[in-house]
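The points are grouped by topic.

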Amino acid sequence: MSIWRRMLKKLVEVPREDARATAKTRLALPFTLGTAAFLMVGMQLVVLSFADAKVPLRLSQQEAVTERGKIYDRQGRVLATSLPAYELYADPRTIMNPYEVTAKLSDLLPHLTEEKIFSLITRNSNYAELSWRVSPAIYAKALERGIVGVYGRKRMTRFYPQKNEAAHVIGIVNKDNHGLTGIEAGLEDTLAKGEDVHMSIDIAVQAILRQEIQEEINNFHAIGGAGVVLDVQTGEIIALASLPDYNSNIYNQANTDAKFNRATKGVYELGSTFKIFNTAMALDSGRFSANDMIDVVSPLRVNGRPIDDFHPEKKPLNVAEVMIVSSNKGSARIADALGQEIQQKYLKELGLLDRLSLEIPEVASPLYPSRWKRLSTMTVSYGHGISVTPTHLASAVASVVGDGNRVYPSLLKGGLKKDFDEQVFTRETVNHIRAIMRRVVTHKRGTGKYADISGYVVGGKTGTSEKIVNGRYSKKLNITSFVGVFPSHDPRYVVVVMVDEPKGQKFSSYYATGGWVAAPAVGGFIRRAAPMLGVAPVNEKSPKIRPFLEVNSPQLDAEVQNASY
C-alpha cells in the first residue's frame with residue numbers, strides 16, 4: 001500500500017473514543033447533508049435499476065443534446081458516429097472530505113493520479129473537470145458511491161470505429177462536439193444540424209492504399225508518405241492516406257507529425273511527374289509533334305547553372321522518348337521553346353497554381369517562383385521550383401488522361417456537380433499522353449516498370465527530387481513519387497504515392513528513386529484494389545486495345561540502356 005493510500009485510510013478512519021464528543025458536534029451538519037444526499041442517490045438508483053439498457057441517470061440537470069450527423073463511406077460503412085457518455089466534474093466548495101473523495105474516485109479515473117485528483121477537488125473554484133468523457137458504466141459506479149460534491153451530465157461523444165483509417169480526412173471534434181479538422185470541420189454546419197454525410201472514400205480501398213505506402217516506408221526507412229486515389233470520370237477521391245497517422249479516438253496522444261496531412265496540406269517538389277504536363281503542353285500547343293527530335297546530348301547551362309540527366313544520352317530523342325526516359329535536358333529545352341506564358345497558362349488551367357477547393361480545411365496553396373523567368377520555366381518542366389500537394393498532382397493528371405476537361409477533386413460521394421466543362425487538352429493530346437505513360441511502365445528504359453501489373457494496362461510517371469531543407473536543396477534527402485493510371489487505354493483511376501526521405505537499401509542497389517520506392521506501392525495497390533473498384537483485367541494485345549497504346553520510339557527500341565527506376 002502506497003504512503004498516499006495509507007494516509008487516506010488513516011484520515012478516513014472512525015475517530016477514537018476520546019474524540020467522539022467533538023466529532024459528534026462537527027458531524028451534525030455533514031450527517032444531515034449526507035442523509036439527504038443518500039436519499040437522493042438512493043431514489044436515483046431505484047429508477048436506474050428500471051432504466052432501459054441500464055443507462056444511468058445524471059447527477060445534475062441535463063441539457064438538451066442534439067445528436068451530430070453520422071459520417072459514412074461510399075459503401076454506407078460508418079466512419080464517425082455519436083455515442084452517449086458522461087462528464088464528471090466537482091464543485092470543490094461542497095466537498096467536505098477531499099481525502100475520502102479522492103479514494104473513491106481513484107479507481108474510476110485511471111488517467112489521473114491520486115495527487116492530481118486531490119489537487120483538482122481542493123482548488124479555489126466552484127468547478128473542476130475530472131473527466132469530460134466517461135462511459136455509462138463508470139458513471140453508474142460514481143453514482144452508486146454517492147460522492148457528495150461530484151456531479152455529472154450526459155453528453156454525446158464522437159466515436160470513430162475505423163480508428164486510423166482515413167483519420168486525416170474524417171477529422172475530429174472538440175469537447176463541445178464542434179468540428180476541429182477534416183470533414184468534421186469542413187461540413188460542421190451540416191453535421192451539427194444532425195444531417196449525415198456520405199463521403200467518396202471507400203474505407204476498404206483506403207486500407208489497401210495505406211498498407212502499401214506503409215510497406216514502402218518500412219522498406220526504405222522513410223519518415224512518412226502520402227497517397228491519393230482519384231476517379232478520373234467524377235473527381236471523387238476514393239482513398240486518401242497520410243502517414244504517419246493516428247487513432248482518431250485518442251487524437252490528443254498523437255504527435256504533431258502524425259496529425260499533419262501530407263496528402264492535402266503538405267506541398268512538395270514532385271519532380272519528373274511534371275514531365276506529363278510538359279509533354280502534354282508541347283503536343284497540345286501545336287509547337288511540337290510526338291516525333292520531333294530534341295537535343296539531349298549537348299551541355300545545357302542557364303545563368304551558370306547546369307541542367308543534367310541522371311543517365312546522359314548519346315543521341316537525340318523525340319518528344320515521346322524524352323518523357324519515357326525522363327530526360328531533364330529534353331524537358332527543359334521543350335519548355336524553353338514553349339515559353340513562360342504557355343507554361344503558366346496550362347498550369348493555371350490544371351489547377352496547379354491555386355489552392356484546391358476541397359471539403360476539408362487542411363488544404364495548402366502551391367509554391368512557385370515569384371519571379372518566373374527563363375530558368376524557372378525550364379526547371380518547372382521537370383518538377384523543380386514548384387511545390388504542390390499529392391492531391392494537386394492526382395487531379396491534374398486526371399485532367400490530362402481523362403477526356404481533356406479539368407477534373408475537380410471532391411471528398412463527397414458523387415463528386416462536384418458542374419454545369420459546364422473546362423477543356424484543357426484535345427482528345428488527340430490525351431491519347432498521346434496515355435500511350436506514352438504506358439511506355440514509361442513497359443519499356444526497358446522506362447522508369448516505372450515496378451508498377452506494371454498484368455492485365456491492368458498500367459501507365460505512369462516517376463518523380464524524384466531533392467528535398468528542400470532550410471531553404472536549400474539537400475543532396476541526401478529526397479521526395480520520391482509515382483503517379484499511375486489504369487487502364488491506360490481508357491483510364492478509370494489515378495493513383496499517386498509519395499514517400500518522404502527514403503534511404504537506399506542493398507536490394508535497391510542503394511537507389512531511393514521514385515521507380516524503386518513509390519512505383520511498387522502503386523503496383524501493389526492496383527493488384528489488390530482493381531477488382532474491388534470494378535476494373536477487370538484485359539488483353540492489351542487485342543486489336544481493340546493495342547492501337548491506343550502505340551508510340552513511335554525508334555531510338556529507344558534500337559538502343560536499350562539500363563535505367564535507375
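In this predicted model, helix H14 spans residues 340-349 and has Ile342, Gln343, Tyr346 and Leu347 as its buried residues. Viewed down the axis of H14, these buried residues fall within an arc of 125°, so they line one face of the helix. An α-helix has 3.6 residues a turn, so residues three or four places apart point the same way. Gly351, with a positive phi near 85°, follows H14.

**Packing of helices H11 and H13**

- The axes of H11 and H13 cross at roughly 45° and come within 10 Å.
- The angle of roughly 45° makes H11 oblique to H13.
- The crossing of these two helices, H11 and H13, is left-handed.
- On the H11 side, Lys275, Asn278, Met281 and Ala282 take part, and they meet Asn328, Ser331, Ile334, Ala335 and Leu338 in H13.

**Packing of helices H11 and H16**

- Helix H16 covers residues 390-401, and it packs with H11 at an angle of about 30°, the axes being 10 Å apart.
- Angles under 35 degrees count as roughly parallel, and H11 and H16 are therefore roughly parallel to each other.
- H11 passes H16 in a left-handed crossing.
- H11 contributes Ile276, Phe277 and Ala280 to the contact, while H16 contributes Leu393, Ala396, Val397 and Val400.

- Ser326 lies in the loop between helix H12 (319-324) and H13.
- With a relative accessible area of 15%, Ser326 is buried, because the threshold for burial is under 20%.
- The side chains of Ser326 and Lys461 are joined by a polar contact of 2.9 Å.
- Neighbours within four places in sequence aside, Ser326 is in contact with Ser272, Lys275, Asp309, Glu321 and Lys461; of these, Lys275 also belongs to the H11 side of the packing with H13.
- Arg155 is located in strand S4, which spans residues 150-159.
- Arg155 is likewise buried, with a relative accessible area of 14%.
- A polar contact of 3.2 Å links the side chain of Arg155 to the side chain of Glu87.
- Apart from neighbours within four places in sequence, the contacts of Arg155 are Leu83, Pro84, Ala85, Tyr86, Glu87, Trp132, Lys175 and Asp176.

**Backbone geometry**

- Most residues other than glycine have a negative phi, and most peptide bonds are trans.
- Ala166 has a positive phi, near 60°, in a residue other than glycine.
- Ala166 sits in the loop between S4 and helix H6 (167-170), and this residue is buried at a relative accessible area of 4%.
- His221 also has a positive phi, near 50°, and is a residue other than glycine; His221 is placed in the loop between helix H9 (203-219) and strand S6 (224-231).
- Leu243 and Pro244 are joined by a cis peptide bond with omega of about 0°.
- Pro244 belongs to the loop between strand S7 (237-243) and helix H10 (256-259).
- The peptide bond from Phe486 to Pro487 is cis as well, with omega near -15°.
- Pro487 is found in the loop between strand S13 (472-486) and strand S14 (493-500).

**An exposed loop proline**

- Pro312 occupies the loop between strand S10 (305-306) and strand S11 (317-318).
- At 62% relative accessibility, Pro312 counts as exposed, because the threshold for exposure is over 50%.
- The C-alpha atoms of Pro312 and Val296 are 8.1 Å apart in space, and the two residues are 16 apart in sequence.

**The chain as a whole**

- The protein chain contains 20 helices and 14 strands.
- Of its 565 residues, 55% are buried.
- Among contacts between residues at least 6 apart in sequence, 73% join residues at least 24 apart.

Conventions:
Residues numbered from 1 in each chain as written. Predicted model: local features only at pLDDT ≥ 70, side-chain atom pairs only at ≥ 80, totals over all residues. Heavy atoms only, no water. Buried < 20%, exposed > 50% of the residue type's maximum accessible area, 1.4 Å probe, protein only. Helix = DSSP H or I, 4+ residues; strand = E, 2+ residues; numbered from the N terminus. Arc of directions from axis to C-beta. Polar contact = N/O pair within 3.5 Å; in protein donor to acceptor, adjacent residues only side chain to side chain. Contact = heavy atoms within 4.5 Å. Axes fitted to C-alpha atoms, helices over the stretch in contact; angles between N-to-C directions. Parallel < 35°, antiparallel > 145°, perpendicular 65-115°, else oblique. Left-handed = near helix turned anticlockwise from the far one by under 90°.
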